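Subject: Structure handover

Hello,

Here is the structure I said I would pass on. Please open it alongside this message and follow the residues as you read.

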Amino acid sequence: MSKKIVVIGGVAGGMSAAVRSRRLDEKADIVVLERGPYVSFSNCCLPYHLSGEIEESCTLVLMTPHELQTQYNIDVRVKNEAIDIDREAKTVLIKNLETGEEYTEDYDYVILSPGAKAVDFPIPGLDTVPNFFLRTVPDAAGIHDTIKEKNIKDIVVMGGGFIGIEATENLRLAGLNVTLVEAAEQVLLQYDEDMIQLIHKELYDQGVNLKLNTRLEKIEDNKAYLSNGETVPCELLVKAAGVVPVSDLAEKAGLKLTEDKYIDVDQNYITSDPSIYAIGDAIKVTSRLAGDKIGLAMAGPALKQARFVADHICGIPTVNTGYIGSACIKVFDWNAAVTGLTERRLKELGKTNYDYAFVIPKDMVGIMSGSNSQFLKVIFEIPTGRILGAQAVGKGDVVKRVDVIAGMLKFQPTLFDLKDLELCYAPPFSIARDSVNFAGYVGLNLLNGVYRHVHVSDVRSLVEQKAYIIDVREPDEFDLGHIKGAVNLPLSQLRERMDEVPKDQPVYLHCRSSQRSYNALLALQQSGWDNIYNIAGSMLGLSYYEYFKDQTTDRESILTEYNFN
Ligand SMILES: Cc1cc2nc3c(=O)[nH]c(=O)nc-3n(C[C@H](O)[C@H](O)[C@H](O)COP(=O)(O)OP(=O)(O)OC[C@H]3O[C@@H](n4cnc5c(N)ncnc54)[C@H](O)[C@@H]3O)c2cc1C
């Protein structure tokens with residue numbers, strides 16, 4: 001007998017589950033309910049309509065109900081909201097939002113993919129300016145059209161997560177003045193604080209008025225009043241202060257929820273009712289690396305879960321191997337990618353047995369035009385050398401490097417695997433020893449105790465403590481900018497002048513990107529110095545790390561000049 005599948009939510013997860021179900025079962029009766037006006041649209045591309053990169057909002061819609069009916073024989077009903085599920089009778093109560101009519105649809109299986117919704121909270125004066133979320137095609141079109149119609153110049157974006165940053169970038173590219181207000185001390189909390197300073201710098205350099213540790217308190221007379229006491233012009237507000245799972249229908253139907261209101265599912269994405277599955281932003285998944293349950297509001301996981309449940313319903317063997325969490329973003333001229341566990345997450349998990357390699361190799365052979373430095377951080381477990389996560393930021397193809405590590409992370413890789421990874425090489429694409437190999441070398445050196453290091457985030461306090469810091473670059477490089485108080489002892493003169501290096505206190509070495517200082521360190525260490533550290537990231541890493549806070553607070557710089565090259 002043919003089965004009947006009712007899918008609730010017709011975008012990423014829901015529509016993928018419907019189409020896969022059709023491929024596997026030509027006879028199945030498949031109904032998709034979507035309360036919005038569109039199904040199968042590209043949420044991820046919505047921000048790019050704001051800059052005009054995607055010119056017409058209609059192109060954001062990938063397939064219409066008519067196409068889905070004729071090509072896949074799927075009964076897609078937009079503006080139809082599932083308002084209750086009678087699990088005894090196995091029926092869904094549906095409201096046609098255009099006519100107000102309510103009707104029921106019976107089912108053998110329900111697939112819930114209701115997504116997440118933007119966090120909303122009252123802001124005094126909100127109704128005095130146009131204000132939008134950025135979650136649907138009408139949202140994107142509304143922002144775009146309102147800006148044009150009202151000749152808007154000044155926008156406030158509330159929230160520096162992925163959506164807030166993408167909205168900011170695209171509005172700025174459209175020539176608007178954008179203030180980005182973020183309550184945390186950094187944007188993009190999926191990345192570590194040290195890596196995200198590069199993105200803060202890029203936002204600042206591109207003219208974004210970035211306000212961290214700040215909340216939007218009220219709007220009055222086209223001005224936003226901020227918790228730091230400032231007021232900024234605000235003719236339109238984009239609200240992107242995070243998301244929460246949509247689980248009200250599941251709750252009403254008596255399905256089990258997690259404490260934080262996600263729909264609870266087992267390893268097969270089955271809810272507390274064996275006929276009802278749930279996928280996408282509304283559920284938590286198992287972290288393959290930490291073993292706990294995490295919310296992962298991203299398209300890739302939703303689509304994988306969609307395929308999984310369609311397979312499971314249709315009797316195809318499936319295995320849930322958990323999720324590592326991989327994400328990337330373009331921020332003007334820079335790209336940032338992350339996979340696996342970050343330092344922040346490890347701290348939340350109470351872990352201390354880790355360290356990380358921080359390297360800044362070029363993305364392609366340095367003498368090739370268009371080569372760029374890549375800032376790559378690879379976190380590993382001590383003493384096993386197991387790789388826990390990676391982040392990369394740079395102008396070039398950093399996503400490729402993190403994807404390589406993401407691919408490995410599913411298979412419990414160690415630094416030894418990273419060191420020996422064989423990747424494609426020709427000068428326009430990479431270097432013969434790719435960034436990820438470099439990270440493997442550095443990580444193994446640290447794991448094996450070949451040398452010790454400190455991080456860019458440690459240097460300010462070292463300077464304040466008047467620690468002994470040696471800059472091993474050449475004098476002309478030193479003169480262009482250096483750490484205040486650092487001694488210049490070039491690698492090229494080190495062997496003749498070794499006796500100038502003190503033995504009675506810790507010594508911190510650096511150069512431009514830590515390679516020359518690594519050589520200097522090993523020479524000193526093998527000549528009897530044992531209290532000696534490399535500053536990972538050196539002048540380049542430090543310049544990027546310090547810059548944004550130096551520019552936006554009244555603290556004194558620890559550098560005489562920055563070195564960004
Ligand atoms: C602006 C933006 C940019 C993004 N960029 C990226 C990106 O670059 N990379 C990435 O990985 N992810 C990105 N995402 C996240 C990604 O889009 C989501 O993780 C993914 O869409 C989740 O799929 P889902 O099926 O769970 O929910 P959705 O795709 O949101 O679909 C849920 C649908 O269910 C409908 N619905 C809810 N309740 C009912 C009901 N009772 N009856 C009928 N219909 C209902 C909703 O109207 C909604 O259309 C982005 C999201 C947004 C909004």
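Predicted model: local features only at pLDDT ≥ 70, side-chain atom pairs only at ≥ 80, totals over all residues.

The ligand

The shell around the ligand has 28 residues, and Gly-13, Glu-34, Ser-113, Asp-281 and Ala-299 come nearest. Sorted by class, the shell contains 15 nonpolar, 8 polar and 5 charged residues.

Which parts of the chain supply the shell? At least two residues each come from helix H1 (12-24), strand S2 (29-34), strand S4 (80-86) and helix H8 (299-313). In terms of domains, at least three residues of the shell come from domain 1 (4-116 + 244-313), and at least three from domain 2 (126-241).

For Ala-12, a backbone N or O atom is 3.1 Å from an oxygen atom of the ligand. For Arg-35, a backbone N or O atom is 3.1 Å from a nitrogen atom of the ligand. Ala-299 has a polar backbone atom 2.9 Å from an oxygen atom of the ligand. On its own, the ligand has 1,000 Å² of accessible area, and the protein covers 88% of that.

Salt bridges

Side chains of opposite charge can pair when their charged atoms come close. There are 33 salt bridges in the structure. A few are worked through here.

Begin with Lys-377. The side chain of Lys-377 forms a salt bridge with that of Asp-192, at 3.0 Å from N to O. This pair connects distant parts of the chain, 185 residues apart: Lys-377 belongs to strand S24 (residues 374-381), while Asp-192 sits in the loop between strand S11 (177-181) and helix H6 (193-205). Are these two residues buried or exposed? Lys-377 and Asp-192 are buried.

Lys-377 also meets the side chain of Asp-194 in a salt bridge, at 2.9 Å from N to O. Here too the pair links distant parts of the chain, with Asp-194 in helix H6 and Lys-377 in strand S24, 183 residues apart. Why does Asp-194 count as buried? Its relative accessible area is 9%, and buried means under 20%. Lys-377 has 0% relative accessibility, so Lys-377 counts as buried as well.

Now take Glu-477 and Arg-516, whose side chains meet in a salt bridge at 2.9 Å, N to O. Glu-477 is in helix H14 (residues 475-479) and Arg-516 in helix H16 (residues 515-525), so that this pair, 39 residues apart, links distant parts of the chain. Glu-477 is partly exposed, with a relative accessible area of 23%. Arg-516, at 27% relative accessibility, counts as partly exposed too.

Salt bridges can also be followed through several residues. One network of salt bridges links Lys-4, Asp-75, Arg-77, Glu-105 and Asp-106.

One more lysine

Lys-284 is part of strand S19 (residues 284-286). Because its relative accessible area is 17%, and the cut-off for buried is under 20%, Lys-284 is buried. Which side chain does the side chain of Lys-284 contact? The partner is the side chain of Asp-260, in a polar contact of 2.6 Å.

Regards

Terms used:
Residues numbered from 1 in each chain as written. Heavy atoms only, no water. Near = heavy atom within 4 Å. Polar contact = N/O pair within 3.5 Å; in protein donor to acceptor, adjacent residues only side chain to side chain. Areas by Shrake-Rupley, 256 points an atom, 1.4 Å probe, with all protein chains shown as cover. Helix = DSSP H or I, 4+ residues; strand = E, 2+ residues; numbered from the N terminus. Nonpolar A, V, L, I, M, F, W, Y, C, P; charged D, E, K, R; others polar. Domains from an automatic or database assignment. Salt bridge = Lys/Arg side-chain N within 4 Å of Asp/Glu carboxyl O. Buried < 20%, exposed > 50% of the residue type's maximum accessible area, 1.4 Å probe, protein only.
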